[in-house]
Amino acid sequence: MNISEIKEELKNILTEKRYDHTLGVAYTAACLAIVYGEDMEKVELAGLLHDNAKCFSDDKLLKKCKKYNVKISDAEMRMPYLLHAKLGAYYAVEKYGASDEIAEAVSYHTTGRPDMSMLEKIVYVADYIEPNRNKAKRLPEIRKTAFEDIDMCVYMIASDTMEYLGTDPENMDEMTEKTYLYYKKLIEAKKEAK
Ligand code: FE
Ligand code: FE
């Protein structure tokens, strides 16, 4: 599918609010691509596709993941909404014809992961800061940091996400914590090097 066909399909399957968010992520990601020298089209496509499986109920997500052999972690069993990322990655390739690189960015857009590629970081950050978002704390600061130091921005988002989810391990995918710990270390190492 080309970009306009993908937009048309997403407009049909997502709620209006989710579709607006999707466009917000795609355009914000494209802006970040300018700053960090990523391929604009690739980044826009990843942004468009990141929530393509957000239209399914928990039940449907579980069923479809089983059907397509998408691996389900313990955390995803407890919180099936997390699966919209992995199922979305599956559809990115199988339905929308995207590359594996884009599928990875879709797959980790919610939890992040240690040592993300620039594309993955851009989608992770854009999902959090796009213009329709307004609930997270210190958004103005995080938005500004996104365009100045993307690793620092990933760290800020991961750390606020950890705080928001609380210390209850039942509430958290372990990848979220791994992301947080990796970027915490990275930021500390960068500070020391200065
Ligand atoms: Fe999402
Ligand atoms: Fe999203």
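**Entry 1. The two iron ions**

I began with the metals: the iron ion (ligand 1) and the iron ion (ligand 2) are 3.4 Å apart, and aspartate 51 coordinates both. I took as donors the N, O and S atoms within 2.8 Å of the metal (3.2 Å for Na, K and Ca); water is not among the atoms, so sites may look incomplete. The model is predicted: local features need pLDDT of at least 70, side-chain atom pairs count only at pLDDT 80 or more, and totals for chains, interfaces and linings use all residues. Residues are numbered from 1 along each chain as its sequence is written, chains are lettered from A and ligands numbered from 1 in the order in which they are written, and side-chain values use heavy atoms, with hydrogens and water left out.

**Entry 2. Iron ion (ligand 1)**

I looked up the protein donors of the iron ion (ligand 1) and found Asp51 (OD), His84 (NE2) and His109 (NE2), at 2.1 to 2.2 Å. Their spacing in sequence reads D-x32-H-x24-H. Aspartate 51 sits in the loop between H3 and H4 and histidine 109 in the loop between helix H7 (100-107) and H8, so this pair ties together parts 58 residues apart in sequence. I counted helices (H or I, at least four residues) and strands (E, at least two) as DSSP runs, numbered from the N terminus.

**Entry 3. Iron ion (ligand 2)**

For the iron ion (ligand 2) I listed His21 (NE2), His50 (NE2), Asp51 (OD) and Asp127 (OD), coordinating at 2.2 Å. The donor residues follow the spacing H-x28-H-D-x75-D. Aspartate 51, in the loop between helix H3 (40-49) and helix H4 (58-67), and aspartate 127, in helix H8 (residues 118-129), are 76 residues apart and link distant parts of the chain.

I found aspartate 51 buried, with a relative accessible area of 2%, and aspartate 127 buried at 9%. Buried means under 20% relative accessible area, exposed over 50%, and partly exposed in between (1.4 Å probe, protein chains only). Beyond neighbours within four places in sequence, I noted contacts of aspartate 51 (heavy atoms within 4.5 Å) with residues including Leu14, Arg18 and Thr22.

**Entry 4. Leucine 87**

I placed leucine 87 in helix H6 (residues 83-94); at 0% relative accessibility, leucine 87 is buried. Leaving aside neighbours within four places in sequence, leucine 87 touches Ala53, Phe56, Leu61, Lys64, Cys65 and Tyr68.

**Entry 5. The whole protein**

I counted 11 helices and 0 strands. The C-alpha atoms fill a box of roughly 50 × 35 × 30 Å along the principal axes. Buried residues make up 47% of the 194 residues.
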